[in-house]
Amino acid sequence: MKTNAIVLAGGRGRRMGGTTPKQYLDLAGRPVVYHSLKAFEDSFIDNVILVCTEGDEDFCRKEIVIKYGLTKVNKIISGGRERYDSVMKGLSVSGGCDYIYIHDGARPLLSQHILERCQHYVEKYGAAVAAVPASDTVKIEDGNGFIKDTPERSLVWLMQTPQVFSYSLVKNAYEKLAESRERLKNAGVSITDDTMVVKMFGGVDAKLVENREPNLKITTPQDMIIAEALMKARETV
């Protein structure tokens, strides 16, 4: 059995401010994306495909992969305009594996525990996703800034990554997405994560895998402060 991972590290992170993309900012002495890559390096994952912004390939190879000895990163490719374009490009060079992990490079707190739990469930169900139950009451807006509905909180989960799939399942689903993207665009359908693609074009519901450990996505400068504090706390424990 072979398991690969796609780490998405494109984009510019405009909400962070500054000129350095958030995935390259210093977090506990290393670039943000290094921490995600290191988690896979230390795991049972066989190979990692790093998907970066076009033009950053040499920087990633020299300043991250080679510099820190990340031997499992066997491909560095440029991404596409949208997230799903980048995933599709990653899938296209990930052949020969049984399972594929798709992870945001801006989630640096990825733990071995959640990797192992996701592997257990993807082998059983074909699709699994790290997630947390909503702790706050969630409201649905009416489009004009007023509350329209209140879903049952016990049924609401917040999606994270990794999102993990049987390779053949997700590859086929993304190929069907590619054929339907114009139709979806015209219909105003927005693809926000990989579980949507597998549901819409593969007919498979992903298993929710509760992640009880911190796994925040770096979006704002405050997130950097929180992530570094959590890393130090993890080292202390």
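Modeller: Buried means under 20% relative accessible area, exposed means over 50%, and partly exposed lies in between, with a 1.4 Å probe and protein chains only. This is a predicted model, in which local features need pLDDT of at least 70 and side-chain atom pairs count only at pLDDT 80 or more, while totals for chains, interfaces and linings use all residues. Residues are numbered from 1 along each chain as its sequence is written, and side-chain values use heavy atoms, with hydrogens and water left out.

Gln-163 sits in strand S10, residues 157–166. Strands (E, at least two residues) and helices (H or I, at least four) are DSSP runs, numbered from the N terminus. The side chain of Gln-163 makes a polar contact of 3.1 Å with the side chain of Asp-193. It also reaches the backbone nitrogen of Asp-194, at 3.2 Å. A polar contact is a pair of N or O atoms within 3.5 Å; within protein, one must be able to donate a hydrogen and the other to accept it, and residues adjacent in sequence count only if both atoms are side-chain atoms.

Leaving out residues up to four places away in sequence, Gln-163 touches Ile-100, Tyr-101, Ile-102, Ala-128, Val-129, Asp-193, Asp-194 and Thr-195. Contact here means heavy atoms within 4.5 Å.

H1 is itself mostly covered, as nine of its 10 residues are buried, among them Leu-37 and Phe-40.

Tyr-101 is buried, at 0% relative accessibility. Rings of Phe, Tyr and Trp (its six-membered ring) pair if their centres lie within 6.5 Å; planes under 30 degrees apart count as stacked, over 60 as edge-to-face and the rest as tilted. The structure holds five aromatic pairs. In one of them, Phe-44 and Tyr-101 have ring centres 6.1 Å apart and planes at 65°, so the pair is edge-to-face. This pair links distant parts of the chain, 57 residues apart: Phe-44 is in the loop between H1 and S4, and Tyr-101 is in S6. Phe-44 counts as partly exposed, with 33% relative accessibility.

Another pair gives a contrast in type. The rings of Tyr-121 and Tyr-125 have their centres 6.3 Å apart and their planes at 10°, so they are stacked. Both residues lie in H4, four residues apart, which is about one turn of the helix. Tyr-125 is partly exposed, at 40% relative accessible area.
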